[in-house]
Amino acid sequence: MEEGFIKHEGEPWRVLEFYSGIGGLRYSLMKSGVKAEVVEAFDINNVANDVYEHNFGHRPYQGNIQSLTAADLDSYGADAWLLSPPCQPYTRQGLQKQSGDARASSFLKILELIPQTKQPPKMLFVENVVGFETSDTRTKMVEILANSEFFTQEFILSPLQFAVPYSRPRYFCMAKRKPLSFQFKVFNNQLLYSLGPLLGQNENTLIDGFDQAPENWDKLLQSCEPVESFLEFKNSSDQADEENLENIAEGNLIKMEKFFVPSCLIDRWGSAMDIIYPDSKRCCCFTKSYYRYVKGTGSLLATVQPKDKGKTSSLKEQGLRYFTPREVANLHSFPEDFHFPQHISLRQRYALLGNSLSIAVVAPLLCYLFTQPL
């Protein structure tokens with residue numbers, strides 16, 4: 001193997017983090033156990049960069065990514081590029097302009113720089129929404145990577161497959177430049193369980209690992225932890241001593257007041273709400289519009305267990321509330337020491353989390369990506 005592809009013992013992988021947001025990729029890298037150093041992060045969002053700097057002590061490069069040159073990228077001497085580009089060009093709710101959307105141009109520019117660099121990355125990791133896999137952007141990406149002698153593997157996976165009760169299927173692409181190759185014999189138990197059966201012998205393939213067939217759905221949900229394991233505040237439906245519940249309720253009511261759903265919204269949108277309970281084994285994907293809108297932006301939590309969960313008329317009696325930003329972060333598997341700076345507003349927190357990713361899924365994928373065959 002070429003000298004440039006060998007990592008000497010104790011030497012960390014050098015990583016560039018594009019579209020860094022609030023640090024989901026960096027946290028995933030940390031959780032993966034891979035010995036790596038993020039030498040630079042890039043994001044144009046000033047608010048996201050405030051959060052990133054607050055947690056990591058480093059402010060991402062905030063210039064226009066499209067202004068970067070091949071020489072700029074070579075100067076970092078990076079081994080791997082991690083990218084979570086804008087998803088709006090590919091979402092089902094959007095205009096689906098794909099590469100014709102201006103928000104796709106910076107990602108395409110980065111890809112086009114790969115063959116121009118003197119030291120192209122050895123590995124790439126790309127995350128995006130379901131829908132990206134059928135886009136012309138993905139077609140261009142795979143073509144550029146193939147022409148630059150990369151092997152690619154692509155997956156559609158959800159946190160539900162990693163025991164997290166969160167339905168958020170996403171597209172993932174991992175690429176390695178020859179002579180590196182993928183390690184099919186995976187050693188991490190969680191990764192083996194989640195990805196092992198999905199891996200074929202063809203290294204350039206798209207595998208939809210998120211099987212929603214009815215016969216497999218129940219089994220998948222049963223493997224998940226209940227939603228209550230991810231809650232910031234306990235609910236009155238929790239099985240506990242009544243006196244303790246009263247003390248908990250009294251201490252939390254003021255904190256929780258702003259998260260309860262107004263009756264007028266229940267009257268208007270009740271039939272369209274996704275209502276879940278502390279013992280539920282799944283909740284819907286939280287979008288960046290969560291808390292601003294109640295329809296189609298994420299699940300609502302019932303804080304009072306009803307006698308009949310199926311009756312719409314009882315919704316007002318169930319104490320419906322939004323998940324808090326901390327709870328959404330928990331479902332994204334962000335660590336406990338992740339925090340927002342105080343000046344970040346509630347709506348901004350939800351928007352930033354809605355644009356982030358699932359660390360529970362990405363961490364084992366990065367572990368798999370960086371694993372080298374024996």
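Me: Where is proline 179 found?
Reply: This is a predicted model. Proline 179 is in the loop between strand E7 (170-177) and helix H6 (189-195).

Me: What makes the peptide bond from lysine 178 to proline 179 cis?
Reply: Its omega is near 15 degrees, and the bond is cis. Most peptide bonds are trans.

Me: Which secondary structure does the protein chain have overall?
Reply: There are 12 helices and 12 strands. Buried residues make up 53% of the 374 residues. Of the contacts with a separation of 6 or more, 73% join residues 24 or more positions apart.

Me: How do you know how many disulfides there are?
Reply: A disulfide needs two cysteine sulfur atoms within 2.5 Å. By that rule the count is zero. Take cysteine 87: the closest cysteine sulfur is in cysteine 285, 9.2 Å away, so the pair is too far apart for a bond.

Me: Why is cysteine 87 called partly exposed?
Reply: Its relative accessible area is 22%.

Me: Why is tyrosine 19 called buried?
Reply: Its relative accessible area is 13%. The limit for buried is under 20%, so tyrosine 19 qualifies.

Me: Which other residue can be described by a positive phi, and where does it lie?
Reply: Glutamate 149 has a phi near 65 degrees, positive in a residue other than glycine. Glutamate 149 lies in the loop between helix H5 (136-147) and strand E5 (150-157).

Me: Why is glutamate 149 called partly exposed?
Reply: Glutamate 149 is at 48% relative accessibility. Exposed needs over 50% and buried needs under 20%, so partly exposed is the label.

Me: What is the volume of the second largest pocket, and which residues are closest to its centre?
Reply: The volume is about 750 Å³. The lining has 34 residues, and the closest to the centre are Tyr19, Asp43, Ser84, Pro85 and Pro86.

Me: What makes up the lining of the second largest pocket?
Reply: The lining divides into 13 nonpolar, 15 polar and six charged residues. Helix H1 (24-32), helix H4 (105-113), strand E4 (123-129) and helix H11 (346-354) each supply at least two. E4 gives the most, with three residues.

Me: How do you know that asparagine 128 is buried?
Reply: Its relative accessible area is 1%. That is under 20%, so asparagine 128 is buried. Asparagine 128 is found in strand E4.

Me: What makes asparagine 128 and proline 85 a polar contact?
Reply: A polar atom of the asparagine 128 side chain lies 3.2 Å from the backbone oxygen of proline 85. The cut-off is within 3.5 Å, so the distance passes.

Me: Why is serine 32 called buried?
Reply: Serine 32 has a relative accessible area of 13%, under the 20% limit, so the label is buried. Serine 32 is in helix H1. Its side chain reaches the backbone nitrogen of valine 34 at 3.2 Å. Not counting residues up to four places away in sequence, serine 32 touches Ala363, Leu366 and Cys367.

Me: Which residues are buried in H11, and what covers them?
Reply: Tyr350, Leu352, Leu353 and Gly354 are buried in H11. The cover includes helix H2 (46-56), strand E12 (320-322) and helix H10 (325-331).

Me: Why is isoleucine 359 called buried?
Reply: Isoleucine 359 is at 1% relative accessibility, and buried means under 20%, so isoleucine 359 is buried. Isoleucine 359 lies in helix H12 (residues 359-370). Beyond four places in sequence, the contacts of isoleucine 359 include Gly24, Tyr27, Ser28 and Lys31. Also among them are His332, Ser333, Phe334, Pro335 and Pro364.

Key
Residues numbered from 1 in each chain as written. Predicted model: local features only at pLDDT ≥ 70, side-chain atom pairs only at ≥ 80, totals over all residues. Heavy atoms only, no water. Buried < 20%, exposed > 50% of the residue type's maximum accessible area, 1.4 Å probe, protein only. 1 Å grid on protein atoms, 1.4 Å probe; cavity = no way out; pocket = protein on both sides within 12 Å on 5 of 7 lines; lining within 4 Å. Points joined across faces, edges and corners; volume = space filled by probe spheres on them. Helix = DSSP H or I, 4+ residues; strand = E, 2+ residues; numbered from the N terminus. Nonpolar A, V, L, I, M, F, W, Y, C, P; charged D, E, K, R; others polar. Polar contact = N/O pair within 3.5 Å; in protein donor to acceptor, adjacent residues only side chain to side chain. Contact = heavy atoms within 4.5 Å.
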